[in-house]
Amino acid sequence: MWLRMAESKSSTIPVLILKEGSRRSRGREAQHNNIMAAKIVAEAIKSALGPKGMDKMLVDSLGDVTITSDGKTILDEIEVEHPAAKMMVEVAKTQDDEVGDGTTSSVVVAGELLSKAEELIDKNVHPTIIIDGYRKAADRALEILENIAIPVNPTDKEALKKVAMTSMASKLVSENKEQLAEIAVDAVLHVARKIGDQYRVDLDDIMVEKKPGESLTETRMIKGIVLDKEVVHSGMPKRVENARIALLNCPLEVEKTEFDAKINIESPEEMNAFLKEEENILKGMVEKVAAAGANVLICQKGIDDMAQHFLARKGILAVRRAKKSDMEKLSKATGGRIITNIDDLDSGDLGYAELVEERKIGDDKMVFIEGCKDPRSVAILIRGGTERIVDEAERSVHDALCVVRDVIQEPKILAGGGAPEIEVAKELREYAESLPGREQLAVQAFAEAVESVPVTLAENAGLDPIDVISDLRAAHEKGEKWAGIDVFEGKVSDMKKLGVYEPVAVKKQVIKSATEAATMILKIDDVIAAGKMKAPPTPPGGPGGYGGMPPQY
Ligand SMILES: Nc1ncnc2c1ncn2[C@@H]1O[C@H](COP(=O)(O)OP(=O)(O)OP(=O)(O)O)[C@@H](O)[C@H]1O
Ligand SMILES: [Mg+2]
């Protein structure tokens, strides 16, 4: 079908602009569709918010199962189609990249901002007025959060631990949150660097490995590096103290030529000589490693069986096919240089660690590199009953590490449980009074949308949101700034007393990412979608008629 975009007045021939199969929706219809799609995404994720939130079981197209309550992971897995829904997925991603927590909240708030905007559009308030109002409200909300935030000492372990525990309270691993929080805080403090009077944390300095087996309580922090690899040869030492480590990025194998070559061997002697030569090449390589003074070799590529044998004879502990990212971490931690050509290896390139040891973890073996030259390098080894548990534990530890980093870098916290949202909404309503007519409506709508966090927390805890919100509003009117929802007792309480703390950076980012997404979606009044690529005709003999070959485009 050709799309008729315009018709010239002088003739009746239509002017064709878009390709066949394109679709276009505009004005109210486009806005309505986009808002609807975004709202559906928010609705889907809502039930995962808070400690009483539910988990989702997601099955991908290959049948792999993920169980999680992490907003970003849920959205990543559900592969949405609609462009506006995709923007909501982006919100969660931005939130995760910036601060690492609050992904569910940001999507819920964005959905509610759009829902409220639609009500205003229905009342004939123009989207640009709503957008202006939302932007003003967001700026004001950030100021309010900044004003009510409680400054803390960035190295105050107790406060950091509480923040980490709050981030894990809503996860599958909440039973073990105290122990995991302790590990997360230790790890982040370990890698924090003081620059001027501020701290900087690069979470890439913390290695997180997981191995199913035992239980979550066996999760440990290791001062060093853990490789999910085993020592390649049984004749090699399993424990090397005062390790001098060679890091190689080339194979210890005889290189295969890229072209086919034919060698005519006419006698057994020639055959022997040929094999001997190969052996000599490998032996030469091992000699070079030994001559450099290395007693540990970590190789990013393969190590030939024969080379393994020679290495074992020299008493060198070797690991092959290490990940590139692990090699980089090893280089940083041990001070060793990654060498690409074995001829270049000399003693100055070696890294140092007090101990390299292979240990049995569950059914597998792992190599631990401890007491590295750079004392800052740390690893967390996550254990847990099943693969799904260690996967979700890894995501939860990620959130915990992120929130601790957030507080160390911006040392201000808020009490959670919906308290800051109610306070922001209260002050925004006062602020709205100072604005003219329609913008006022937008700011009021923004205030209500922010309250969707406590509303959802209450709903998920099985409480009546209307009662709870009116109690909370009343408490805040009386000046009880930290009144929030104690979801376990099912009542309004002082969240500060309960020790439910969150980084101010997370709450600020929720406002920023939700506002950005909502205003972006509201600004769209025309959606032009190109037609899908045509499916190839079915081959004669039905699908699979060409011997099951995939279709060629
Ligand atoms: N003990 C608690 N009592 C009440 N509310 C709590 C408690 N612990 C956490 N919360 C609240 O739960 C909310 C966070 O829930 P959750 O961690 O499920 O979502 P998120 O942080 O927005 O997203 P995600 O963690 O999926 O990235 C915050 O508003 C927080 O204040
Ligand atoms: Mg969270």
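Two strands are said to pair if DSSP finds at least two bridges between them. In this predicted model, 2 bridges join strand 6 to strand 19 (residues 412-415), and the two run antiparallel. The protein chain has 553 residues, of which 48% count as buried. Its secondary structure comes to 17 helices and 23 strands, and its C-alpha atoms fill a box of roughly 95 × 75 × 40 Å along the principal axes.

- Strands of a sheet pair through backbone hydrogen bonds, either parallel or antiparallel.
- Here, 3 strands form an open sheet in the order 6-19-22, with antiparallel pairing.
- Strand 6 (150-151) and strand 22 (501-503) are the edge strands, each of which pairs on one side only.
- Within the sheet, P151 stands opposite K412, a residue of strand 19.

**The largest pocket**

- The largest pocket holds about 730 Å³ of space.
- It is lined by 41 residues, and those closest to its centre are P51, T166, A169, V500 and E502.
- Several elements each supply at least two residues of this lining, among them helix 4 (103-122), helix 7 (177-191), strand 20 (483-486) and helix 17 (504-522).
- Helix 6 provides the largest share of the pocket lining, with 7 residues.

**The cavity**

- The count comes to 1 cavity of 30 Å³ or more.
- The volume of the largest cavity is about 90 Å³.
- Residues that line the largest cavity include S105, V109, L145, P420, K507 and I511.
- Helix 4, helix 12 (419-433) and helix 17 each give at least two residues to the lining of this cavity.

**Salt bridges**

- Side chains of opposite charge can pair when their charged atoms come close.
- The count of salt bridges in the model comes to 40.
- One of them joins D391 and K210, with the closest N and O atoms 3.0 Å apart.
- Because D391 lies in helix 11 (residues 387-409) and K210 in strand 9 (residues 206-212), this pair ties together parts that are 181 residues apart in sequence. K210 counts as partly exposed, at 30% relative accessibility.
- E410 forms a salt bridge with K508, and here the closest N and O atoms are 3.0 Å apart.
- E410 belongs to the loop between helix 11 and strand 19, while K508 belongs to helix 17, so the pair links parts that are 98 residues apart in sequence.
- E410 is partly exposed, with a relative accessible area of 27%, whereas K508 counts as buried at 14% relative accessibility.
- The side chains of E451 and R473 also meet in a salt bridge, at 2.6 Å from N to O.
- E451 counts as buried, at 3% relative accessibility, while R473 is partly exposed, with a relative accessible area of 35%.
- R239, E241, E357, R359 and E370 are joined into one network by salt bridges that share partners.

**A nonpolar surface patch**

- I263, I265, M271, F274 and L275 form a nonpolar patch on the surface, and together they have about 420 Å² of accessible area.
- The relative accessible area of L275 is 43%, so L275 is partly exposed.

Technical notes. Residues are numbered from 1 along each chain as its sequence is written. Chains are lettered from A and ligands numbered from 1 in the order in which they are written. This is a predicted model: local features need pLDDT of at least 70, side-chain atom pairs count only at pLDDT 80 or more; totals for chains, interfaces and linings use all residues. Side-chain values use heavy atoms; hydrogens and water are left out. Patches are made of residues with over 30% relative accessible area and no salt bridge: like charges are joined within 9 Å, nonpolar side chains (Val, Leu, Ile, Met, Phe, Trp, Tyr) within 5 Å. Accessible areas come from the Shrake-Rupley method with a 1.4 Å probe; for residues, only the protein chains shown count as cover. A salt bridge is a side-chain nitrogen of Lys or Arg within 4 Å of a carboxyl oxygen of Asp or Glu. Buried means under 20% relative accessible area, exposed over 50%, partly exposed in between (1.4 Å probe, protein chains only). Helices (H or I, at least four residues) and strands (E, at least two) are DSSP runs, numbered from the N terminus. On a 1 Å grid over the protein atoms alone, a cavity is a set of points where a 1.4 Å probe fits but cannot get out, and a pocket is an open set with protein on both sides within 12 Å along at least five of seven lines; lining residues have an atom within 4 Å of a point. Grid points are joined across faces, edges and corners, and a volume is the space filled by probe spheres set on the points.
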